[in-house]
Amino acid sequence: MRWSGIVHHDNAYFPRKKLTVVGSGNVGATAAFLAAYKELGDIVLLDVVEGVPQGKALDMYEASPILGYNANVIGTQDYADTANSDLVIITAGIARKPGMSRDDLLAINVKIVAEVTANIVEHSPQCIIIVVTNPLDAMVYTAKQVSGFSRKRIMGMAGVLDSSRMRTFIAQKLDVSISDVSALVLGGHGDTMVPLPRYSTVGGIPLPDMLSQEEIDEISQRTAQGGAEIVQLLKTGSAFYAPGAAVVEMAEAILKDKNRILPCAAWLEGEYGINNYFMGVPCKLGGGGMEGVIELDLNKAEKAAMQLSLKSVKALKEQVDALGGFGQ
Ligand code: TXD
């Protein structure tokens, strides 16, 4: 038998999307695997540790015949391999250990995220960036400053994860399918995040019609502590399955131009009365990236909760600014 005119991976007419995941640790590897499984594009997994991204990428590639996805997955230490990525997910950094707050990570991770962003932008000046590294609100700000990208092309992942945790707890409490539960968590990605029961529904029915205030408070509280709950159980790291799935949901919305409405850490330019801070708000995610912010008419208590959350986001931004030069 003979092959005729076939060129290896000739994708000049309909190029596959290219997705880079920086950091091949727990979240990065999970995200890469899910993105490959969903055939979001070819995937480059980059890490400073030699061998690990290569090994994990090969392992994922070797799973593809079983799972039936077509995606090239490569691992590397070299940013040249990430050139012309459509989308980049930044998970590089160190994760929380028990007793460590997200803020403790700040100084170390600012340096890492600044360096990663500079390298990414050099090789993929047109890409869209989603930041995952904690403390999220500080890291996405760092990446925005270093990249100089407009807010459409840079955002943080937090709300999708926090909302997913809230959905899980609601479904568990009511013993109903997670498919019928939607929930909304806004604000910064920390203890002051803002779960919004009024905008959460079960089969279209507002949550306050389904549960008592006490039960709702319990769920909101567990949601805000959702990350810490996993850290306490794992002891050696923080959550990664749900975070990996959450960032891939955002990536899919963008790469497939789905125009999803998802809560993201977006750079606010006057929305919610907030200027020049990243805050978790409902956004439209499509081919253009963060295509717009939905402004809700929050009630007094919700507004107060947003303001409190903004306070902690402001403190984080100040800490980043105080480090100066973004560790460069
Ligand atoms: O909701 C959210 N945004 C989050 C954030 C949910 C879960 C985890 N969140 C944060 O993501 C967490 O607190 C960490 O800051 C990051 C990554 O978490 P992960 O659990 O994946 O941490 P790992 O397993 O330690 O992986 C981090 C990897 C590791 O392989 C390092 O070698 C690599 O990052 N690393 C780097 N890669 C590239 N370049 C540089 N400079 C670098 N430094 C470390």
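Predicted model: local features only at pLDDT ≥ 70, side-chain atom pairs only at ≥ 80, totals over all residues.

Student: How much space lies in the largest pocket?

Tutor: About 750 Å³. A pocket is an open set of points on a 1 Å grid over the protein atoms alone, where a 1.4 Å probe fits, with protein on both sides within 12 Å along at least five of seven lines. Volume is the space filled by probe spheres set on the points.

Student: Which residues are closest to its centre?

Tutor: Thr 91, Ala 92, Gly 93, Ile 94 and Ala 95, out of 39 lining residues; lining means an atom within 4 Å of a point.

Student: Where does it lie relative to the domains?

Tutor: Domain 1 (18-156) and domain 2 (159-321) both give residues to the lining, so the largest pocket lies between them. The bounds come from an automatic or database domain assignment.

Student: And the second largest pocket, which residues sit closest to its centre?

Tutor: Val 160, Arg 167, Glu 249, Arg 260 and Leu 262. The pocket holds about 470 Å³ of space.

Student: Switching topic. At what angle do α3 and α4 pack?

Tutor: About 35°, with axes 9 Å apart. Axes are lines fitted to C-alpha atoms over the stretch in contact, and angles run from 0 to 180 degrees between N-to-C directions. Helices are DSSP runs (H or I, at least four residues).

Methods
Residues numbered from 1 in each chain as written. Heavy atoms only, no water. Helix = DSSP H or I, 4+ residues; strand = E, 2+ residues; numbered from the N terminus.
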